[in-house]
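View the structure first, then read on.

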Amino acid sequence: MLEMQNVTKAYRTDLLETHALREFSLKVEKGEFVAVTGPSGSGKTTFLNVAGLLETFDSGSYRLDGEDVSRLGDDARSQVRNRRIGFIFQSFNLIPDLDVFDNVDVPLRYRRLPAAERRERIDAALELVGLASRRKHLPSQLSGGQQQRVAIARALAGDPALLLADEPTGNLDSLMARQVLDLLEQINEMGTTIVMVTHDPELARRAHRNVQVIDGQVTDYKPYEPSSATVTPLHPAVAGGASRA
């Protein structure tokens with residue numbers, strides 16, 4: 001469902017040109033859980049930003065769900081990003097003055113969904129991540145692990161076809177990190193495609209497949225071999241994106 005071919009991305013100043021991605025090629029299939037690893041500065045986050053349509057690139061091609069999204073304009077990129085891609089960040093990126101419910105609601109409001117549908121999606125997502133009873137809490141009243149689960153609920157409520165996670169356990173202790181990975185595995189087993197950037201080899205081993213990136217290139221690539229495990233559907237309110245992944 002995600003396919004990049006020979007993608008190149010460089011950052012330029014008056015005196016310097018830095019190549020973040022060099023002929024970068026990667027294919028992620030429907031239902032995969034892929035861990036992207038590599039040293040700092042290797043291009044992992046740039047890849048994730050390109051995959052999430054947060055950044056453009058210089059050459060190559062990128063297809064998402066079979067659609068060529070390589071040269072979309074800003075408005076079209078925003079629409080694809082809002083409707084088909086979910087993001088989980090290391091720093092959670094919650095709005096401190098909004099409670100849990102309203103934090104999950106923010107991206108749904110941008111889509112101008114009816115209030116009743118938004119409420120149904122939010123309730124289902126918070127139930128899935130185990131925070132239904134905390135919907136009126138502010139981020140400052142939650143632990144780090146709970147804040148990350150709110151971020152996951154916010155992503156899931158939008159029905160993403162693709163879930164992108166950038167060091168989702170980087171600010172958590174080992175116990176909370178394992179709990180967040182347990183949740184991501186559960187979400188993946190329900191049918192959601194996940195691409196996770198991580199420095200932690202223990203967490204990377206729990207993915208279906210590891211992809212190593214060094215100097216902006218994929219250096220260790222193995223094709224996906226899908227399992228025959230039964231997929232449990234998501235709650236109807238948050239299942240649309242998983243069926244498209």
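## A buried pair between helices

Which residue forms a salt bridge with R118? The partner is D105, and the closest N and O atoms are 2.7 Å apart. R118 sits in helix α4 (residues 115–128), whereas D105 belongs to helix α3 (residues 100–110), so the bridge ties together parts that are 13 residues apart in sequence. Both R118 and D105 are buried.

The model is predicted. Across the whole structure, the search finds 15 salt bridges.

## R206 and helix α6

R206 pairs with D182 through a salt bridge, with 2.4 Å between the closest N and O atoms. D182 lies in helix α6 (residues 174–189), and R206 lies in the loop between α7 (201–204) and β9 (209–214), so this pair links parts that are 24 residues apart in sequence. D182 has a relative accessible area of 40% and is partly exposed. R206 is partly exposed too, at 25%.

R206 also forms a salt bridge with E185. Here the closest N and O atoms are 2.9 Å apart. E185 is in helix α6 and R206 in the loop between α7 and β9, so the pair ties together parts that are 21 residues apart in sequence. E185 counts as partly exposed, with 22% relative accessibility. Elsewhere, salt bridges with shared partners join R12, E17 and D58 into one network.

## R84 in helix α2

Where is R84 found? Its place is helix α2 (residues 74–84). Is R84 buried or exposed? Relative accessibility is 15% for R84, and buried means under 20%, so R84 counts as buried.

The side chains of R84 and E67 are joined by a polar contact of 2.8 Å. E67 is also on the contact list of R84, once neighbours within four places in sequence are left aside.

## Helix α1

Helix α1 covers residues 44–51.

L53 follows α1. The phi of L53 is positive, near 60°.

Definitions and conventions: Residues numbered from 1 in each chain as written. Predicted model: local features only at pLDDT ≥ 70, side-chain atom pairs only at ≥ 80, totals over all residues. Heavy atoms only, no water. Helix = DSSP H or I, 4+ residues; strand = E, 2+ residues; numbered from the N terminus. Buried < 20%, exposed > 50% of the residue type's maximum accessible area, 1.4 Å probe, protein only. Polar contact = N/O pair within 3.5 Å; in protein donor to acceptor, adjacent residues only side chain to side chain. Contact = heavy atoms within 4.5 Å. Salt bridge = Lys/Arg side-chain N within 4 Å of Asp/Glu carboxyl O.
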